[in-house]
Amino acid sequence: MMNRRSVLKAVFTGGLVTGMGVLMPRIAMAAWSKAAFGAESQEIAMGALYEANPQASADVTLKAPDIAENGAVVPISVKSSLSGVTSIAIFVANNPQPLASQFTIPEGTLANVSCRIRMGKTSDVTAVVTTASGSFSASKEVKVTIGGCGG
Amino acid sequence: MKKTISLVAALMMVSGGVAAHPFNDAFNEQRAMYGKGHSFTWNGQTYLTDHPEEVAAAAEANATNATALLAAAKDQYAQVLAVDFGWTLTKGLLKSAGKALEAGKFQDSMNLSAQAQYHSRMGLVQYEQSQAEWIMAVPQ
Amino acid sequence: MAKGILRAKAKAKGGNTVVKIMAKHAMETGNRKDKSGEKIPAKYIQTLSVVHKGKMVMESNMGSATSKNPYMAFTFVGGAKGDELQMTWTENTGSTATETAKIK
Amino acid sequence: MKIIKVLLAGVSLAFLASTSQAATSGKTLATVDPEADRLALQSHFQRRFPQVALSDYVNGIYALDAPSREQWQDIEDFPPYEFDIEEGEILFNKTFANGKSYADCFTNGGIGVRQNFPRWDDSQGKIVTLELAINQCREANGEKALGWKKGKIAQISAYMAYTSRDNVFDLKIPNNGAKAAYLDGKQTFYTRRGQLNMSCANCHVAGAYIKIRADLPGPALGHVTHFPVFRSKWGNLGTLQRRYGGCQKNVRGVPQKTQGDKLRNLEFFQTYMSNGLVANGPGARK
């Protein structure tokens, strides 16, 4: 049964989720979601993708630098020891649009991805891993500094 | 009178270096602490913390003085560029000084010209000094 | 044949294939302004999918926080030297293309 | 042991290099000893960072700072300059209108020659950098010279550097002309300029691995081996001379002329300091 909140979300995501089981992770549909990618806060972006707020989990490993050498190119790796991972998403809380990347992990692909993201300023970076039993996350603050050597 | 003394004093101010003149130290210290327009006593004499350019900019604010000061600042900038030791902000200061002059803001123009000229003069000091002292920085 | 915008390094190792892909793309976010203060229109890769022998092995959706020259690396089970990977990218502007790479 | 240096915007010509000792020799053509200079610079860094292998200095700041190194290695895993190497190879192999190509201008067809540049050219009586040689080659074959700082020239240079990876720099100073150029470059390196009154050496000898705001300047040893570089800051590939201009602006000085005598001599001096190290360009930098 859909509660009011998820119905609203369903409308928000363009009706794509209507008719799907509530527990079915929407991300498995893999369509590029304007509601999620265009969202200007992490809460809204996550709301568009997940039923419930992801729970922090030690089974999600986020590798990110403490201090980014350059905010324009920040190497990030996410892996998880959870079984049945269907997707991995990366959020940068303080970016204008926090959702950076979303990876669909089909069966047979390991829950271990790397990418490079862009960060406007110091921010928490959050990786969310989705499995059949819910969404799990790991966060880390990455400092972005303005260097003295612009040239 | 004070002004003349400070002019001479400031011209003596070839600062820094290995054997810094104690007067320069005193001047730099006073300037750093109190800014311009402050008087201090050194060896029983009274001096002002003004740079010569600031003294020049304190002249009556009119078209003639502002024009002359801008020309002097431009000339000094050309000199420092000729030895390849210009500073980046100087060009902008000269431009602003020219605009202020056109707009009839003579005092603003003179202040900007003075600042530009100071930059160029210090660039030249830097050049002179570097000729003698660069070798000191080489690791042995 | 002119090369596309994707470069891939795929290596079969111990039963798995490690894939690294980089795209030559500015990933214009739409947040940046040009010198005259006009916003530069957004132009970025939205999706990139990788297919191995008819099976989707990775699909990535990207947002404005993906760096210029976007890069991703992942590992899938299977794949052998000489196999082909089909990589399809789609821009927010609607342009799309499929490029291929061989597993080494 | 990091000291945070606070730089006053106002000029304070008073503070002089902390490394200074009474130096009397090495200032004139008669006393300058490039080999002694090189060894002195090496030993300066080896004393400061005894744990760092000499050969690792080609990686710049990443030889000294582990957290930066980790990010850099992630990027080098699939470096953004790969596109430029490809592009550079195409450009390099393109024939000019007269049927000749770059290969005709360089020894060994231009492959694996990066480590020989910059070099003293006796007939021209000056230092020739790789980029200058590229443009001279173009002009000799009736083509227009390329811009010095980025784009095609950097890509061609990157390709040529790529074909020269692991070749050892062994610049020669064959005569007094070359020696004079070396001395001039050395002077430029140690001379303070700009409103911030800083020399190359302030940041890259005494100041290497000391924070300047949020930046860690790289060591002067091995400083030039990895050029041209793809700087994330630029978002594209650039030549060493482009970086020189940027550095000089950073200390608020009007930059010296790109590929002019001064900066070519500086490049010669710096590269000579890296003799014995390998060419590893192009590189990725922050």
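**Interface of chain A and chain C**

In this predicted model, chain A and chain C bury about 2300 Å² between them, and carbon and sulfur atoms give 47% of that area. On the side of chain A, the residues that lose the most area to chain C are A:Trp32, A:Arg116 and A:Arg118, which together make up 32% of what that side buries. The contact involves 28 residues of chain A and 30 residues of chain C.

Between the two chains there are 17 residue pairs in polar contact, both at pLDDT 80 or more, whereas the number of salt bridges is zero. The side of chain A that touches chain C comprises 16 nonpolar, nine polar and three charged residues.

**Strand pairing across the interface**

Strands β6 (99–104) and β7 (112–117) of chain A each contribute at least two residues to the side that touches chain C. β6(A) also pairs with strand β4 (residues 55–62) of chain C, in the antiparallel sense and over four bridges. Within β4(C), C:Glu59 stands opposite A:Thr104.

**Domains of chain D**

Chain D is assigned domain 1 (34–78 + 172–285) and domain 2 (82–162). Their centres, taken over C-alpha atoms, are separated by 22 Å. The two domains bury about 2100 Å² between them, with 64% of it on carbon and sulfur atoms. D:Leu237, D:Gln259 and D:Arg264 supply 25% of the area that domain 1 buries against domain 2, more than any other three residues.

Zero salt bridges are counted between these domains, and six residue pairs are in polar contact, both at pLDDT 80 or more. Elements that each supply at least two residues of the domain 1 side include α6 (176–190) and α8 (240–250); α9(D) gives the most, with five residues.

Technical notes: Residues numbered from 1 in each chain as written. Chains lettered and ligands numbered in written order. Predicted model: local features only at pLDDT ≥ 70, side-chain atom pairs only at ≥ 80, totals over all residues. Heavy atoms only, no water. Contact = heavy atoms within 4.5 Å. Buried area = accessible area lost by both parts, 1.4 Å probe. Salt bridge = Lys/Arg side-chain N within 4 Å of Asp/Glu carboxyl O. Polar contact = N/O pair within 3.5 Å; in protein donor to acceptor, adjacent residues only side chain to side chain. Nonpolar A, V, L, I, M, F, W, Y, C, P; charged D, E, K, R; others polar. Pairing = 2+ DSSP bridges. Domains from an automatic or database assignment.
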